[in-house]
Amino acid sequence: MGEWTEGPARRAALLVLADGRFPAGTHAHSGGAEAAVRAGRITGVEELAGYCRGRLHTAGRTAAALAAAAAAGVDPLVLDEAADARTPSPAQRAAARRLGRQLVRAVRACWPSAELERLAAARPRGAHQPVVLGLAARTAGLGPADAASAVAYETVSGPATACVRLLGLDPFAATGVLARLAAELDAVADEASAAGLRAVVEGPDALPAASSPLLDLYAERHAGLQPRLFAS
């Protein structure tokens, strides 16, 4: 596995991997939206759109590039260390590893591979989720652009669906937010894919390190929220 393919099977694999119903545990995480709602930063569709755009161009850009690099064949353990260095919040790092551990379980059932098992053995408490997703994409025959697209979309779809539950937003309006971000999603995925390919030659320093201090603060605040609806 690991060869990039073309055709219907490839497209179908990407749909499976990016499907919100894929049993990887992402439905239990709000991407920081729950803390933002509690802080009064998201009160409606307009604020949700701004939140998603900010997350896409910061943490989303970094995560998409990590996934692209993993799909391109960069050592996932090196990428896991790079993800740690790019994630200042301990709560975010813990959530990313929990999601990575859950994703390994789901991927084993779909696209088992020796590469995935080596990563799971080296990181028994979980590797960062974007790195696992990129490796899953590689195993499924997908390329860096596919992995970057899946992660970029997940970066915004999680907060959007969470806000439907948190604020009772109209689900059609929340989905409209995602549709209007389509061009930006593609642009971020393209940039992330290019960075992932550069990392094959230049190493993880070629990957972006965009972050948002406010997202880091939300992650830390959310860890102390009780009660709460989402795990992060």
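At 23% relative accessibility, A173 counts as partly exposed, a class lying between buried (under 20% relative accessible area) and exposed (over 50%), as computed with a 1.4 Å probe on protein chains only. The model is a predicted one, in which local features need pLDDT of at least 70 and side-chain atom pairs count only at pLDDT 80 or more, while totals for chains, interfaces and linings use all residues. Residues are numbered from 1 along each chain as its sequence is written, and side-chain values use heavy atoms, with hydrogens and water left out.

A173 is found in helix α9, helices being DSSP runs (H or I) of at least four residues, numbered from the N terminus. When neighbours within four places in sequence are left aside, A173 is in contact (heavy atoms within 4.5 Å) with V45 and R180. Its C-alpha atom is separated by 18 Å from that of L185, twelve residues apart along the chain.

Helix α9 (residues 171-180) and helix α8 (residues 144-167) have axes that come within 9 Å and cross at roughly 165°, where axes are lines fitted to C-alpha atoms over the stretch in contact and angles run from 0 to 180 degrees between N-to-C directions. The two helices are therefore roughly antiparallel to each other, a term applied to angles over 145 degrees. Their contact is made by Y153, V156, S157, A160 and V164 of α8, together with P171, A174 and L178 of α9.

H222, which lies in helix α11 (residues 213-223), is buried, with a relative accessible area of 2%. H222 and E34 are 188 residues apart in sequence, yet 7.4 Å apart in space, C-alpha to C-alpha.

Definitions and conventions: Angles under 35 degrees count as roughly parallel, over 145 as roughly antiparallel, 65 to 115 as roughly perpendicular and the rest as oblique.
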